[in-house]
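Dear colleague,

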Amino acid sequence: MLLRHGQTLVMIGDSITDCERARPRGEGLFAAIGKGYVALVSALLNERYPERAIRVVNMGTSGNTVRDLKARWETDVVELKPDWVSIMIGINDVWRQYDTPTIVEGHVLIEEYEATLDALIERTKPLVEGLVLMTPYYIEPNRDDAMRADMDRFGAVVKRLAEKHGAKFVDTQAAIDRLLEHIYPATLAWDRVHPNMTGHAALARAFLNAVEFEWN
């Protein structure tokens, strides 16, 4: 498994990462780390590898786009001096174009998304041992659905940047699609975005596979 003894993993993103985490940092007693995939990642890392004392910090913020991540990157990532950083962003960048189509100043189009994420990766690469890039996703099996199609395009950007920078890549859409072969979308998430614990488990498993977690 790639994370070594005493290392810190910062996981940053939007509401899917946030999941009611504590402020200013999502770590500590009780549910401070949140109630989603980050909590599952932390629990499984520390159950499977207790001797490594891996520290997981949740820095997700509900409603964020990549533009918001850029604004808080110094305080919420760089100043924490992590060894590993995981980024999952893009859902709101796409969603705002659909649920608030007339509020165009809140839209992050794909060109800005790619350029901003690329710059954040460039800024962070020299400071950390490893980066994990996770795609955005949409809990919709119809790939011709307009929002699903856009989400897939944003996901392709993440894959391209992972290849460019040698980062670990997590295809969260593929993890969700596997569930959608058997589970109706509304069962996983009423709004097709914020998943129940089954969906979060799929995200956590996909992340852990990317860092070579040994399940057995």
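In helix α5, the residues Ile110, Tyr113, Glu114, Leu117, Asp118, Ile121 and Glu122 meet Arg153, Phe154, Val157, Val158, Arg160, Leu161, Lys164 and His165 of α6, where contact means heavy atoms within 4.5 Å. By class, this contact of α5 with α6 holds 8 nonpolar, 1 polar and 6 charged residues (Ala, Val, Leu, Ile, Met, Phe, Trp, Tyr, Cys and Pro count as nonpolar, Asp, Glu, Lys and Arg as charged, and the others, Gly among them, as polar).

This is a predicted model: local features need pLDDT of at least 70 and side-chain atom pairs count only at pLDDT 80 or more, while totals for chains, interfaces and linings use all residues. Residues are numbered from 1 along each chain as its sequence is written, and side-chain values use heavy atoms, with hydrogens and water left out.

Helices are DSSP runs (H or I, at least four residues) numbered from the N terminus. The axes of α5 (residues 110-124) and α6 (residues 146-165) come within 10 Å and cross at roughly 30 degrees; axes are lines fitted to C-alpha atoms over the stretch in contact, and angles run from 0 to 180 degrees between N-to-C directions. α5 is therefore roughly parallel to α6 (angles under 35 degrees; over 145 counts as roughly antiparallel).

Helix α4 (residues 91-99) packs against α6 at about 150 degrees, with the axes 10 Å apart, which means that α4 is roughly antiparallel to α6. Ile91, Asp93, Val94, Trp95, Gln97 and Tyr98 of α4 make this contact with Ala146, Met147, Asp150, Met151 and Phe154 of α6. The residues of the contact of α4 with α6 comprise 8 nonpolar, 1 polar and 2 charged.

Yours sincerely

Notes
Helix = DSSP H or I, 4+ residues; strand = E, 2+ residues; numbered from the N terminus. Parallel < 35°, antiparallel > 145°, perpendicular 65-115°, else oblique.
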